[in-house]
Amino acid sequence: MLIIELTQTADPRETRAWLVARGLWLREFSHDGKRCFLTLEHSIQVSAAQLRSGPGIAAVLETASFHPLVDRQPTTVRVANHVLGPGEPPIWIAGPCGVESEQQIHTVAAQLSALGVSFLRGGAFKPRTSPYAFQGHGFEALVWLRDAARAHGMGCITEAVDGADVQHMVNYVDWIQIGARNMYNYALLKKVGQLRTPVLLKRGFSATLEEWISAGEYLLFHGAESVVFCERGIRHNDPSTRNLLDVGAVALLSQIHGFPVVADPSHAVGRRDLVYPLGAAALAAGACGLMVEVHPDPGQALSDGPQALLPSELAACLPGWTQIARTR
Ligand code: PEP
Ligand code: MN
């Protein structure tokens, strides 16, 4: 596969015609603010060198990878003035599973910002396994989330569930989350990619690394500014813990591939007393931050109460986690 990057002044129609005349089938996309063509599989074989002198062509990259855009992403990414990546201090993303009320999110935001949390999380649209479970307060909750984050100097992140809503969501949040249930929802990935925002991509319950990385490629191909991968545990056959945190996947993606990776120990283990060790393991493996569920009153939580930490419990985790991230 070839990626052909156009110059700023190129006439894309002229460049396309020149490439098509040489037997290439193309798909146009933009990446990193640059217009590009990707050669499709039924194109004739040409080398990068044969194309470099073409009209409007700035660079030609030859790749055998099925995820060239994920590969080209810098190992360090910036999301709303926070930098994630190796050598940077770990990023904490914390907040309740769902935004339950204006008061709840403001209360927890004040406590989390005092702990140095960079991003306030909270679902406005909750993709629940049961139709009877709390589904989120929708757009109203987006306003509460944004206002609480802004009032306490944090960025905010929430999950996109429906492609029809995402254009509106982008006015409220800095970072869009794709949840585990939607990792394979290619129509949603396309819509979210087209927003050109940073995206946090959770791993599907049973997704292979190839499927997960390909979902990241989808987002970048459709225009996402950046993709951070979030390991949140995969299905296993033992009901003792909610999921199985794949620490090997964190190490492979972060240390071998050099991709930005965070982990979510809360959904991985499903119980608050094991959030610390799982977070520690993920950071030791190379995660550049953690997403943690924190609720001001976990006993009253409308979703995922058993895995939610109190703000004071998060406070007790952070020094150890910071130390592990520093000494890695
Ligand atoms: C969440 O983070 O609120 C969530 C629903 O997580 P996941 O998609 O990993 O289940
Ligand atoms: Mn949750």
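Which residue with a positive phi follows H5? The residue is Gly153, and its phi is near 70°.

## Basis of the model

This is a predicted model, in which local features need pLDDT of at least 70 and side-chain atom pairs count only at pLDDT 80 or more, while totals for chains, interfaces and linings use all residues. Residues are numbered from 1 along each chain as its sequence is written, chains are lettered from A and ligands numbered from 1 in the order in which they are written, and side-chain values use heavy atoms, with hydrogens and water left out.

## Helix H5

Helices are DSSP runs of H or I with at least four residues, strands are runs of E with at least two, and both are numbered from the N terminus. H5 covers residues 139-151. The expected span of a helix is 1.5 Å times one less than its number of residues. For the 13 residues of H5 this gives 18 Å, and the end C-alpha atoms are 18 Å apart, which agrees.

Buried residues in H5 are Ala141, Leu142, Trp144, Leu145, Ala148 and Ala149. Here buried means under 20% relative accessible area, exposed means over 50%, and partly exposed is in between (1.4 Å probe, protein chains only). Down the axis of H5, the buried residues fall within an arc of 165°, so they line one face of the helix. The arc is taken from the directions from the helix axis to the C-beta atoms. The cover over these residues includes helix H4 (102-114), strand E8 (119-121), strand E9 (155-160) and helix H6 (166-169).

Arg146 lies in H5 and is partly exposed, at 25% relative accessible area. Leaving out residues up to four places away in sequence, Arg146 touches Cys156, Asn171 and Tyr172; contact means heavy atoms within 4.5 Å.

Gln177 sits in strand E10 (residues 175-178). Its relative accessibility is 4%, so Gln177 counts as buried. Beyond four places in sequence, the contacts of Gln177 include Arg121, Ile157, Leu200 and Met291.

## The manganese site

The manganese ion (ligand 2) has four protein donors listed by atom: Cys97 (SG), His267 (NE2), Glu293 (OE) and Asp304 (OD), at 2.0 to 2.4 Å. Their spacing in sequence is C-x169-H-x25-E-x10-D. His267 belongs to helix H10 (residues 265-269) and Asp304 to the loop between strand E14 (289-293) and helix H12 (311-327), so the pair ties together parts that are 37 residues apart in sequence. Both of these residues, His267 and Asp304, are buried.

Donors are N, O and S atoms within 2.8 Å of the metal (3.2 Å for Na, K and Ca); water is not among the atoms, so sites may look incomplete.
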